[in-house]
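This briefing describes selected helices and strands of one protein model. Please consult the sequence and the structure shown below while reading.

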Amino acid sequence: MSPAPLPGHGPAHAHELDQVAERYARRAAQLPADRYSLLRPEVWQMLHERQRCICQGLAARGWQPSQLRVTEVGCGGGGNLMDWLRLGALPENLTGCELLPERLELARASLPGGVRLVAGDATTLDIAPASQDVVMQATVFSSLLDDAVQQRLALAMWRWVRPGGAVLWYDFAFDNPRNPDVRGVPLVRVRQLFPQAAHLAVRRVTLAPPLARRACALHPALYTLLNAVPWLRTHRLVWIAKGAA
């Protein structure tokens with residue numbers, strides 16, 4: 001049986017989720033088919049940078065992936081969950097939730113059957129409170145333009161994290177003037193969404209994608225060169241720690 005929706009669900013919440021699906025569909029129709037292909041040098045360099053930062057965060061906490069229970073909100077085609085498997089996480093300890101059915105089908109096709117994959121609104125996901133070591137999101141909150149929907153999702157994610165665990169956050173820090181369907185999430189907003197956090201470990205990462213695409217078209221090595229300038233990085237990777245009981 002699914003848990004009762006969090007307080008405040010209603011037509012406005014459902015409307016925002018419908019709008020998210022429409023925004024993703026519109027964006028997908030406008031983009032080149034290979035925009036996020038790992039064969040593109042800027043894409044694999046962005047991914048490797050993020051993977052490296054996550055591994056460093058796990059090592060700093062002394063966490064072994066094989067012992068972790070991980071849930072990802074907005075798991076898309078399953079790429080991040082696949083990365084957890086490569087790190088040694090067990091399929092039966094992984095859960096992914098995805099709003100868009102076509103993306104979830106991609107995840108089902110690529111991930112082992114032991115990974116739990118759930119369609120729909122993550123705030124209604126049947127996960128026991130304080131049962132997850134890590135709850136992850138990657139560029140989900142920047143796609144939610146309604147503050148109340150953002151807050152409900154943050155509350156659900158925080159509820160699932162065990163004492164001593166963490167929310168793993170990766171998202172835009174700034175608005176994209178070329179894409180009105182997303183908005184940056186400044187650090188002050190992250191703190192508002194998770195006011196009970198014991199600690200936030202924050203890193204600026206990811207060379208601004210439009211700049212990365214232009215630079216890598218000239219030479220892939222330019223990504224590393226330009227990414228050395230902190231103010232050219234457009235995303236934050238944040239470990240949002242929940243205090244021990």
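A residue is called buried when its relative accessible area is under 20%. The model discussed here is predicted.

**Helix H2**
- Helix H2 comprises 21 residues, 41–61. At 1.5 Å a residue the helix should span 30 Å, and its end C-alpha atoms are 31 Å apart, which agrees.

**Helix H3**
- In helix H3 (residues 79–87), the buried residues are Asn 80, Leu 81, Asp 83, Trp 84 and Leu 85.
- These buried residues pack against H2 and against the strands E1, E2, E3, E4 and E5.
- Gly 88 follows H3 and has a positive phi, near 115°.

**Strand E4 and its partners**
- Strand E4 (residues 132–138) has 7 of its 7 residues buried, so it is largely enclosed by the rest of the structure.
- Strand E1 (residues 70–73) pairs with E4 in the parallel sense over 4 bridges. Within this pairing, Glu 72 has Met 136 of E4 as its bridge partner.
- E4 also pairs in the parallel sense with strand E5 (residues 161–172), over 6 bridges. Here Ala 166 of E5 is the bridge partner of Val 134.
- From E4 the chain crosses through helix H5 (residues 147–160) to E5, and this β-α-β crossover is right-handed.

Note on methods:
Residues numbered from 1 in each chain as written. Predicted model: local features only at pLDDT ≥ 70, side-chain atom pairs only at ≥ 80, totals over all residues. Heavy atoms only, no water. Helix = DSSP H or I, 4+ residues; strand = E, 2+ residues; numbered from the N terminus. Expected span 1.5 Å × (residues − 1). Buried < 20%, exposed > 50% of the residue type's maximum accessible area, 1.4 Å probe, protein only. Pairing = 2+ DSSP bridges. Right-handed = clockwise from strand over helix to strand, strands pointing away. Contact = heavy atoms within 4.5 Å.
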